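Open the model in your viewer and keep the selection tool ready.

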Amino acid sequence: MTLSIKKKLDRLQIQRYWELLQVLVGRNLKVRYRGSFLGVYWSLLNPLIMTGLYTAIFGASFASYYNNSILNYVLAAFTGLVVINFFSASTSQALSSIVNSGALLNKIRLPASIFPVSMIAANLFQLAVGAFPLLIIMTFLNSKSLVNVLALFFPFISLVLVSTGVGFVTSTLYVFFRDLPYFYELVVFVLSLSSPIFYPAEIVPRQVKPFLKLNPLSPIIESLRQIALSGKPPNLDLMVSALISAIIVLLLGLLCFKLWRHQFMDLL
Amino acid sequence: MEIIRLDKVSLWRRTQEEFSYDLKKTFLSVLEGKYRNPSKNLVLDRIDLSINSGEKVGIIGSNGSGKSTLLKIICGILQPTDGSVKVRGEIAPLIELGAGFDTEISVMDNILLYGVLIGFSRTEMKERIRSILEFAELEDYIFVPVKALSSGMVARLGFAIATDVQPDILILDEVLSVGDESFQNKSKKRIENFWNKNTTILVVSHNLNFIKDTCNQVLWLNKGKIQVIGNSEQVIQDYLQSVGKNNIIN
């Protein structure tokens with residue numbers, strides 16, 4: 001009896017969380033793209049322009065690492081940029097989400113975690129209608145196999161988990177330290193430079209390479225490229241290692257959020 | 001039936017003035033060994049309270065005595081440091097109307113957003129859009145962004161959404177004067193309607209006459225403690241005596 005009531009309560013809570021997520025993500029996207037002609041497709045502009053730029057500058061010199069094909073370089077740069085852009089946009093937006101909703105949290109009883117999660121979800125929606133279809137086409141043309149297309153979901157699930165975990169940490173820390181955005185910008189810069197996006201991983205000196213392994217985005221990018229660009233069947237090891245490191249990051253983020261959640265209200 | 005019960009509820013809050021929000025400074029002070037744990041204030045001190053359904057309770061006290069904090073504890077916005085809070089039923093939070101609005105999006109989107117934030121489902125809210133707009137007299141503004149409305153209209157909208165359904169517990173924190181004369185009458189009628197039914201109402205107000213007329217119980221908070229709780233007239237009388245302006249009322 002009590003158990004069934006508890007179950008019902010849990011279900012209600014999940015349902016409420018889902019409803020909140022829907023309205024907050026809807027609000028988010030509406031505010032962002034109200035009146036802009038291209039709508040969510042603006043989000044594609046950045047990776048496309050950057051890919052063009054990198055190709056123009058580095059394409060010719062690095063092509064030898066990509067089977068002497070500039071096209072391969074273009075695709076590699078694009079996949080890397082999609083990952084790093086998603087990460088940087090969603091976690092930076094998550095960072096300020098709780099503090100910006102401070103007034104609301106002081107007036108209405110809400111689960112605080114909904115705010116960073118809704119930021120990640122809004123970016124996920126953008127990704128799903130923008131870059132993801134492009135990557136599906138790219139993968140299919142390269143591998144001619146539906147298995148690769150399906151496997152494509154795995155690196156992106158890992159990416160969402162990593163971003164959510166980091167989003168929990170940044171949104172929590174920002175409650176306590178309001179000068180965090182400056183430091184976080186630096187962190188994102190370090191992460192994006194230390195992931196092999198516009199350079200081949202081979203040019204990194206052997207002594208430095210182990211440090212790059214600490215970057216949780218590297219296995220994701222590596223796995224994504226293997227699935228989308230290599231034309232070979234998906235490498236399970238890469239997929240699983242990306243997923244495991246993502247789950248670790250998510251758990252750490254959740255832990256950090258849970259530990260400090262009760263102090264939020266005094267500082268908002 | 002008992003609908004709200006607080007047992008020995010205490011709340012310590014961090015004093016914000018002393019707190020450094022600066023990562024650099026905090027880091028340096030830790031390095032120098034000067035870091036101190038932030039100091040805390042006792043905002044509510046062992047509050048025991050029991051309210052039965054249908055009761056109308058006024059909460060009075062000087063500024064900073066913990067009135068709004070007590071309402072926040074009852075709403076579940078703040079968790080008590082000690083003690084337990086039990087609330088049965090739906091609470092309509094009415095602490096400052098319109099706090100949940102996003103001024104960039106349309107009135108209709110805001111009705112859905114605000115409604116879901118305060119605890120209704122989307123389908124429920126969709127069914128109610130019409131009656132809400134009608135009550136707020138904003139039928140012509142349905143697709144207009146909220147930033148284009150006047151502040152009175154925004155307050156009307158907030159009031160209309162929050163009171164469209166009769167809640168079990170209504171919480172009023174100085175919000176009874178909303179909009180122009182005619183809307184004030186309308187909103188007063190709606191509140192009076194709640195008043196007559198079995199809704200439990202908690203009011204924080206500095207308008208003592210209003211509290212005396214409408215509440216059957218008054219809780220006097222003094223520095224986070226319950227000074228006294230009881231019959232409205234008597235408590236207000238005592239309160240006024242203590243602040244030394246006995247002859248203003250009556």
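Predicted model: local features only at pLDDT ≥ 70, side-chain atom pairs only at ≥ 80, totals over all residues.

Leaving out residues up to four places away in sequence, A:Ala63 touches A:Asn68, A:Ser69, A:Ile70 and A:Tyr73 (contact: C-beta atoms, placed from the backbone, within 7 Å). A:Tyr73 is ten residues from A:Ala63 in sequence, and their C-alpha atoms are 6.3 Å apart. A:Ala63 sits in the loop between helix H2 (42-62) and helix H3 (70-100) of chain A; helices are DSSP runs (H or I, at least four residues), numbered from the N terminus.

Buried or exposed, or in between: which is A:Ala63? A:Ala63 is partly exposed because it has 18 C-beta neighbours inside 10 Å. The cut-offs are 20 or more other C-beta atoms within 10 Å for buried, 12 or fewer for exposed, and partly exposed in between.

Residues are numbered from 1 along each chain as its sequence is written, and chains are lettered from A and ligands numbered from 1 in the order written. Local features need pLDDT of at least 70 and side-chain atom pairs 80 or more, while totals for chains, interfaces and linings use all residues.

Next, select A:Val83, A:Val162, B:Ile59 and B:Ile171. They touch the most other members of the largest nonpolar core, which has 126 residues (buried Ala, Val, Leu, Ile, Met, Phe, Trp, Tyr and Cys joined through C-beta atoms within 7 Å). H3(A) gives this core its largest share, 15 residues.

Zoom in on A:Val83. Beyond four places in sequence, its contacts are A:Leu159, A:Leu217, A:Ile220, A:Ile221 and A:Leu224.

Finally, show both chains. Their contact takes 24 residues from chain A and 30 residues from chain B. On the side of chain A that touches chain B, H1(A) gives the most, seven residues.

Methods
Helix = DSSP H or I, 4+ residues; strand = E, 2+ residues; numbered from the N terminus. Contact = placed C-beta atoms within 7 Å.
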